[in-house]
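Subject: Structure for you to look at

Dear colleague,

I am handing over the structure below, and after it you will find what turned up when I went through it. Please keep it open beside this message as you read.

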Amino acid sequence: MTQKKKPSSPATGIGADTPCNNTETTYSLQDKIKIVELVEVVVHAGKETTQAAGGRKQYINLDASSDPGTPHPEFGRIIRLKARVEWATANVKSLSGQTVYWYSEPGGSNCAKLTGGVKEGFGSGGGAKTSTASTDEKGWTSTVQFYLSRYGGDTFMVAATEDAACKGGLKTGTYEVWRKFWYQVTRASSHTVPAPEKSVAAYKKVYAEMLAAAEVEFAQKDAPAGTFYPGWMVAQGGPDASESVIGGHNWESFCKKFKEEKDKPVKGHLIICQHQWDPAGASALLTVVLNKKKSDELTFNLGGAWNAGIVKPALSGKLVSAGVWSGDGKTGALSDADILIEKGRSALNVVKVLLPAGTPDPTKTPVTVKLKLNYGKFYAGESNKHHMLIVYNGAEKNFNQMVAHEFGHGFGQTPRKGAQPSPLPQHPKQYDNEHGGVGSHCSTDATLVTDPNYPKKRYQNGTCIMFHQVNPSGCKQEFCATCEPYLRLQDFSSLA
Amino acid sequence: MLVIGKGQLDQLRQATKLRYEDEMIVHLAGFSPRLFKTLEEVQQRGVVRFGMDRAEAHGFTFRGPVRLYLELTLLFGSHFDTDPQYPWAGQVLAEQEEPELLQMDRAELLYQKAMEYQEQVSGPDDVHAIEALHNIRKFTQLPLTMSLDTFLQDMVLEVVRMYPKKAIYLGRERLEMVLRQGMDKAKDLHVLTVRGAVLVSLLMLTFGHGCTEDPLYPWIAATLSKNPQADPEVRGNHLEKKVMIWLDHVLASFGVKESA
């Protein structure tokens, strides 16, 4: 007992009252049918219409129900079809109950390794290779559902025929498996950002269209605290102009600038900043003896990280985590106001201290300063579901790699062992944090080099978009040949 | 004039019959995709040949009647012609005094009876059948309170509760006949525990009384043929697991997701 159609009356169908092994004419010429029409069925708002089954790009990752106001036959894996038959020669009998046979013709370059639900089929993903449908009295069949495969770039034609051997008949145009997604850029109004053309091209190569949605701009006066700093404070040699800094301290405010759009159900949010800094905690305690009121540059140990620095005001909270001065039998506290960060400092982990009023004259009595400062770490981008924080500082190659890379993470790249879409094998170039970066990445063309921070060695100079580091000179700005099938079979229906 | 010899004609007939088999494989795949998809192509052909042979034995040789016979095979099991759950089928198929004249009429009568049964027992859109499958699935997960001594009377009550439309349609006498067959079959298959008898009986009620040898459900025979000397309790547990998997598959075919 499983779901079945109702049984057919034994009197219906061609040659119903002739023997199964009739070697002459199984049915008379008069009872032969021919397929005269093949159309695509579009169901929208409870109404059914038809249109030419001319084929097109089919965006299988999109769900038509997400945009109920507009019909979207081009969304989803299902192509709905029906055919109409007529008698081959003049005949007044009802056309009811004639059997039409359906089959598909896959393209010659289709992925041949698919199995299970990701494969094409009638009635379901991986369903039957052929199907049948009965006609009504006007000769129209019931609607047949053909599921395209889930592999980007696969093509299919579907045919309806009166031949039980599933040959000939009328064929649809070619339906090609594509995916589509959008991106919204959110940026400071003072920050000009180019279109990520190379990212768009990289996704096109794996049969996914990446389209721009309306941009969202924000002004400095409207931004939360800790969003704008002079360029020189957050980068050595940076300009005087204020530049946008986004990270853990203010990220949520910018996530809220994402605009949901029903007609763009899979949309990523590119929050573009000039610098990505995250609060990272307090420095090691620095103890220094000062013999002048304004110190020379004091260098802080920021955990030994190369990508760390001190900014004022701190990204969040107070800059001074702990600070005291002592001298001539007196002590006092140091505050943020006593910390100076001057343009032209020799490194991002150096500041000066201006002893506050009330301290002994350090030129006569040395003053000991003990100080811990809160600091931040800077990065090149990260993603959290559909929100992606991207740094753009004028380097377009880096920008493009980061955009494509973060979307790649959103779409499950590089899949860890067991997370790859079936039936693909384990990704042979996948690696994790132990060889660099944070997350799962691809090592194509990379070499392992010794690095004290990575006991298992660190990958260097990978050429795939999914390499863990921006690599402007080496990155080919495309998904490598190893990654390509994983992207073509990946479910792009959401950014996770 | 070109003369076709008898041998050549037989070959032609055989080829035409094979073509019809192909046609029916395609047709049945469309008739019940979920069920047919579980079978390898060679098994699908086996189902079609088995059905065509049985149909021929009942005097059904025309395309329409044979197609109907095969469709009923998928609905009620490959042995529906002898199944006490479908007495009308056996009666109609037995009436073949004048097969050439009556084949289409008998097939039409069989069709009408099948439609009546579907309407009365399975219900519109199989609503009663789906409800029964839910109940059967729940029942197979519960601890059993019956014993082999009281199996028949207790199971009758359970079937009345789980699938009242079928119980009413069959009547007590026929229902007991099916259940007794289930108990006998459980004994033959070396799974004669209370749970084994319950499972085999429910399989027969659900998939037809010949389900343990039915080419449509090779998993049942395969399950029961494993470790024939093992403890009946162990064999029963193994069968129960398979039954649960299949019931979930069947419910899924109706678009119903069952939680464990």
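This is a predicted model: local features need pLDDT of at least 70, side-chain atom pairs count only at pLDDT 80 or more; totals for chains, interfaces and linings use all residues.

Residues are numbered from 1 along each chain as its sequence is written, and chains are lettered from A and ligands numbered from 1 in the order in which they are written.

I begin with a sheet in chain A. Five strands of chain A form an open sheet with antiparallel pairing, in the order β2-β1-β4-β8-β6. At its edges stand β2 (47-52) and β6 (121-122) of chain A, each with a single partner strand, so one side of each is left without a neighbour in the sheet. Further in, β1(A) (residues 33-44) and β4(A) (residues 78-87) are antiparallel and share seven bridges, with A:L38 opposite A:A83 of β4(A). The antiparallel pairing of β4(A) with β8(A) rests on four bridges, and here A:I78 faces A:Y147 in β8(A). That residue of β8(A), A:Y147, is also the bridge partner of A:G121, and two bridges in the antiparallel sense join β6(A) to β8(A), which covers residues 144-147.

Another strand of chain A deserves a careful look, namely β27(A). For burial, a residue is buried if 20 or more other C-beta atoms, placed from the backbone, lie within 10 Å of its own, exposed if 12 or fewer do, and partly exposed in between. In β27(A), residues 387-391, five of the five residues are buried, with A:H387, A:L389 and A:V391 on one side and A:M388 and A:I390 on the other. In a regular strand the side chains alternate between the two faces of the sheet. β27(A) runs parallel to β16(A) (residues 267-273), to which five bridges join it, and antiparallel to β26(A) (residues 381-384), with four bridges. A:H387 is the bridge partner of A:H269 and also stands opposite A:N384. In the hairpin of β26(A) and β27(A), two residues lie between the strands, and A:K385 takes a positive phi near 55°.

Chain B is built otherwise, with 12 helices and zero strands, and 42% of its 260 residues count as buried. Residues are in contact if their C-beta atoms, placed from the backbone, lie within 7 Å, and by this rule 41 residues of chain B are in contact with 32 residues of chain A. α1(B) gives the most to the side of chain B that touches chain A, with 13 residues.

Finally, within chain B, α8(B) (residues 151-162) packs against α10(B) at an angle of about 45°, with the axes 12 Å apart; axes are lines fitted to C-alpha atoms, for helices over the stretch in contact, and angles run from 0 to 180 degrees between N-to-C directions. The two helices are therefore oblique to each other, since angles under 35 degrees count as roughly parallel, over 145 as roughly antiparallel, 65 to 115 as roughly perpendicular and the rest as oblique. Their contact involves B:F151, B:M155 and B:V159 of α8(B), together with B:V194, B:A197, B:V198, B:S201 and B:L205 of α10(B).

With best wishes

Terms used
Two strands pair if DSSP finds at least two bridges between them. Two residues are in contact if their C-beta atoms, placed from the backbone, lie within 7 Å.
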